[in-house]
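Here are my notes on the model, point by point. Please read them with the structure open.

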Amino acid sequence: MRRVVVTGIGGITALGNDWGDIRARMARGETAIRHMPTWERFEGVNTRLAAPIQDFSVDDRYPRKKIRTMGPVARMAVRATEMALEDAGMLDDPALRNGRTGIAYGSSFGSPAPVMAFAEMMKDGFSRTLNATSYIQMMSHTAAVNIGLFFGITGRVIPTSSACTSGSQGIGYAYESIRWGKADVMVAGGADELDITEAAVFDTLYATSTRNDRPETTPRPYDRDRDGLVIGEGAVTLILEERERALARGARIHAEIVGFACNADGNHVTQPQASTMQLALRGALEDAALPPSAIGFVSGHGTATEWGDIAETEATHAVLGAGMPIHSLKSYFGHSLGACGAMEAWLGIEMMRDQWFAQTANLDNVDPRCADLDYIMGEGRQLDIGYLMSNNFAFGGINKSLIFKRV
C-alpha cells in the first residue's frame, strides 16, 4: 500500500486565510461569531448568530465566463483550491490533466439562492431568474465539478455530500484513492456557504444558540452552559499526493495521512450513538496500525449540542482513555458544515507542526456528563505530539475519523 502525504493547503475562513493570522486571533480568544441583523426579518427562526466570511469575492480575479456556473460555495472552493495548488507547486502542472489527478470534495448542499428560481416556477408557473446555470450552482456536487472545470482536472471525481462529514470524507476517500493506486494526486476538502436555511434546519431541532445579544460568548462546546450551535461557512482544500512522487519532485510535505475510517450508526437520523462512534475511531487506529497510546491530541467535532457533545466524548474516552487532550475549533468558526472537517484537518496539521493547540473558546465549566478528557481551556497549550486524530459526526449517524502524522 502506498503512503499519502499532504503537499498543499489553502483555506477561506471567517478568521482569515493565513495560518499565522488565524493562530494569533485564536490565541487571543477572538472568534468569528457575529450578530446577523439581516436575519431579523425571519420570524420563524430564533437564532440571529453566525460566523460569516467578510468581503470575499473573486469577481476581479477570474473571468466572468469561468465563474458563471459558480455560486458562492463553488467560488470559495475554487479559490481555496487555487491557493492549495500554488502551495503545492502544482498550479500549472501537466499532471492535473493526465487522468491520475482526481477530486474528492464535499459540501452539504450547493448554493441555496438558485433554489428560489425553481420554487418560483413551481409556485407561480414561471420564473424570472431561472437560467441554464441555476441547477449547476445548486447541485450538491457543484464544488467538485467546478474545481475540475476550472483547473482542467481529468481524473476521478468523488463528490461527498454528507452534511458535517462532507469535507473529512473527501479527504478520507482521496487518501484511499492514492493509497490503493487509483490516483497519484487528489484535490480534497470541503466547502459550504452561509445561508439562513442552514440555521433554520438546526433551529427547528432547537439546536441553535440564541445568545443573540452576546455573540462573543457562544457557541460553548462541552460546556455545561451551552445552548446550541452557530452556523459558519468556509472552504478548505488539501492537495494529497503519493509520498514517493512528492519526494521525487522535492515537494514540501505538511503531514502524512496514516489512518481513515467511516461508518454509520444505523439507528437514528439525528441522535448520535457513542457505540458506533467508537467503531469509527478504532477503525482509524486499525487502518494506521497504531495503538491508542500513539494519539497525542484529538480535534473534536464539538458542536455545542447536548447529546452530540456527550456521545462524542464518551466514544473518545472509551477508545483513547481518560486524560486525552481535546478541543473544538467550532467555538471559533461556528459549524461550517461541509467545510468543517477539512478546516479542522488543516488547522490540526498546523498546530501539530507548531506544537501549540488552541483552547476551546468559551469553555469555562465542563459539562459533568461529558467524559473524563483533558479539555483545553483558558489558553492554548504547548504539546509535542506525533499523531493527531480529527473526528467528525453528521446527520444520518455518519461517523468519520482521520489520523495525521507529523513530519
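1. Start with helix α6. Its buried residues are Thr142, Ala143, Ala144, Asn146, Ile147, Gly148, Phe150 and Phe151. Buried means under 20% relative accessible area, exposed means over 50%, and partly exposed lies in between (1.4 Å probe, protein chains only). Eight of the 10 residues of α6 are buried, and the helix is mostly covered. Helices (H or I, at least four residues) and strands (E, at least two) are DSSP runs, numbered from the N terminus.

2. A word on the basis. This is a predicted model: local features need pLDDT of at least 70, side-chain atom pairs count only at pLDDT 80 or more, and totals for chains, interfaces and linings use all residues. Residues are numbered from 1 along each chain as its sequence is written, and side-chain values use heavy atoms, with hydrogens and water left out.

3. What do the buried residues of α6 pack against? They pack against α2 (64–67), α3, β4, α5 (134–138), β5 and β6. Contact here means heavy atoms within 4.5 Å. Helix α6 (residues 142–151) lies across β4 (101–106), β5 and β6, and runs at about 150 degrees to β4. Axes are lines fitted to C-alpha atoms, for helices over the stretch in contact, and angles run from 0 to 180 degrees between N-to-C directions. Just after α6, Gly152 takes a positive phi of about 70 degrees.

4. Now the sheet. It is open and mixed, with 11 strands in the order β5-β4-β6-β8-β1-β9-β16-β15-β10-β11-β13. Two strands pair if DSSP finds at least two bridges between them. β5 (157–160) and β13 (374–375) are the edge strands; each has a single partner, so one side of each lacks a neighbour in the sheet. Inside the order, β6 (residues 185–192) and β8 (residues 234–242) pair in the antiparallel sense over eight bridges. Met186 stands opposite Leu240 in β8.

5. Next, charge pairs. Side chains of opposite charge can pair when their charged atoms come close. The structure holds 30 salt bridges. Each is a side-chain nitrogen of Lys or Arg within 4 Å of a carboxyl oxygen of Asp or Glu.

6. Look at Asp184 and Arg100. They form a salt bridge, with the closest N and O atoms 3.0 Å apart. The pair links distant parts of the chain, 84 residues apart: Asp184 is in the loop between α7 (166–179) and β6, and Arg100 is in the loop between α3 (72–88) and β4. Asp184 is buried at 19% relative accessible area. Arg100 is partly exposed at 29%.

7. Glu344 and Lys330 form another salt bridge (2.7 Å, N to O). Glu344 lies in helix α13 (residues 340–354) and Lys330 in helix α12 (residues 330–333), so the bridge ties together parts 14 residues apart in sequence. Buried or exposed? Both Glu344 and Lys330 are buried. Elsewhere, salt bridges that share partners join Arg226, Glu306, Asp309, Asp367 and Arg369 into one network.

8. Asp213 and Arg214 also meet in a salt bridge (3.6 Å, N to O). Asp213 is exposed, at 64% relative accessible area. Arg214 is partly exposed, at 39%.
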